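Please report on the pockets of this protein.

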Amino acid sequence: MAENKEKTLGQQLKDELLYKTKNTYNELSEEDLDAAYDYAEGYKKYLDAGKTERECVTASIAMLEADGFVPYTFGMQVEAGGKYYYNNRGRSLSAFVLGTESLENGVYFTASHIDSPRIDLKAHPLYEAEGLGYLKTHYYGGIKKYQWTAIPLALHGAITKADGETVNIVIGEDDSDPVFYIDDLLPHLAGDQMKRSLADGISGEQLNLLSGSRPFEKNLPEGVKLNIMKLLNDKYGIVESDFMSAEISAVPAFKARDIGLDRSLIGSYGHDDRVCAYPSLTALMAVKNPVHTTMAVLADKEEIGSEGNAGMQSIVYFDIIADLAKTLGVSDIVVRANSKCLSSDVNAAFDPNFPEVNERRNACFVNNGVVLTKYTGARGKSGSNDASAEFTGWVRNMLDKAGVIWQTSELGKVDQGGGGTVAKYIAKMNVDVIDLGVPVISMHAPYEVVSKTDVYMTHKAIEAFFKA
Ligand code: MN
Ligand code: MN
């Protein structure tokens, strides 16, 4: 029989007074782990269905409608328990469930973004050089340009023709589709290039998409360019000038896949920030008849500063709340003052290959659960929301009560760099807000990595928030 040793006073005090990090694989039951891996299957499908904000809106509406959500229009009558979504120009989405309590008690909402870094086509993209056809691009969001060369790329987007008709295009996702490609230099001739910094190795104007090499007919000047245009015309009925009224993006043609022999991780384009958008939707649907009004906002344009009428700085998100308040005869000022928000975005996971950019005690780790980020910003917290002690305390209490495994993090060590989220734009509307999301490895790369248990903990965290 094993001896049941009493803990020393020091050991007892350590348990009582000192913080211990938690790991999902130590804390969760086998059932929870199975649930996390099952949950990842749905998430991977969502990733493959939505590689642009437009496609994400479409995929999200399909999920919501299957669950009984109906379109919301300004001024419409609403009822407690009713499930609604507002589609903002096909590029951002607000889905909500009206609570059983008065709206004046506040809206509990998440805000995540469904745009991701990518390579957009210019207004006059198509040209031919030395018998090769290319498309000129202008990158979108923060990318390391060299990462986007020499990989298969797919084109996604929408083109509005001169007659006003809009056609959607997807080329490169079906296994039988052709893909596009950005050239890089062979190492043999890259002596000069390799001496430049990573930032300068590939320039913005070198991000040209290789798109063809076969001319339309023999000895025709610019025959390759014409042939590419003819193929697009045959398939989509477009002419060259239609590129001027188009939103077409090159995105990695990779599918979401399990990473690692144990299948514990997910590799994909665009985890940032669909890895928070998807749990926001699943949590919204999981909580039936919430007490507070619950809402999941999926915004566009976060990667370029939350600008535009679909970015988080747009008034539309708070117009919806104001409109509901008006319909229900309450003050939208009071509604906002009592509202709570999880700005649901990713953070940078501690990467053992690059330990020098983080301060270990204040970094987030893969498989340590959903990450709470009190402040982001750069230098002296510049551009940060910096959530209050009180609201941070409310959130941690809510997470602990629900048995959610969570951790806290900064974005890198002090003065290493920095970044921001939509949190500050929401805070400005007199709402309590904090960042909460998933640790990501290789954030903003064409293929990013997250952990299945962290994604599942994010779903559980948002579910607990919507139930609070
Ligand atoms: Mn993000
Ligand atoms: Mn980002």
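## Terms and basis

On a 1 Å grid over the protein atoms alone, a pocket is an open set of points where a 1.4 Å probe fits, with protein on both sides within 12 Å along at least five of seven lines; lining residues have an atom within 4 Å of a point. A volume is the space filled by probe spheres set on the points, which are joined across faces, edges and corners.

This is a predicted model: local features need pLDDT of at least 70, side-chain atom pairs count only at pLDDT 80 or more, and totals for chains, interfaces and linings use all residues. Residues are numbered from 1 along each chain as its sequence is written.

## Largest pocket

The volume of the largest pocket is about 1100 Å³. Its lining has 36 residues, and Ala348, Leu411, Gly418, Met443 and His444 are the closest to the centre. Domain 1 (18–116 + 269–467) and domain 2 (118–252) each give at least three lining residues; the bounds come from an automatic or database domain assignment.

At least two lining residues come from each of β16 (347–348), β20 (418–419) and α12 (423–427). Helices (H or I, at least four residues) and strands (E, at least two) are DSSP runs, numbered from the N terminus. By class, the lining holds twelve nonpolar, 17 polar and seven charged residues. Ala, Val, Leu, Ile, Met, Phe, Trp, Tyr, Cys and Pro count as nonpolar; Asp, Glu, Lys and Arg as charged; the others, Gly among them, as polar.

## Second largest pocket

Here the volume is about 540 Å³. Of 21 lining residues, Tyr19, Arg361, Asn362, Thr408 and Ser409 lie nearest the centre. Two or more come from each of β17 (370–373), α11 (389–401) and β19 (406–408). β19 gives the largest share, three residues. The lining of this second largest pocket has seven nonpolar, eight polar and six charged residues.

Key
Chains lettered and ligands numbered in written order. Heavy atoms only, no water.
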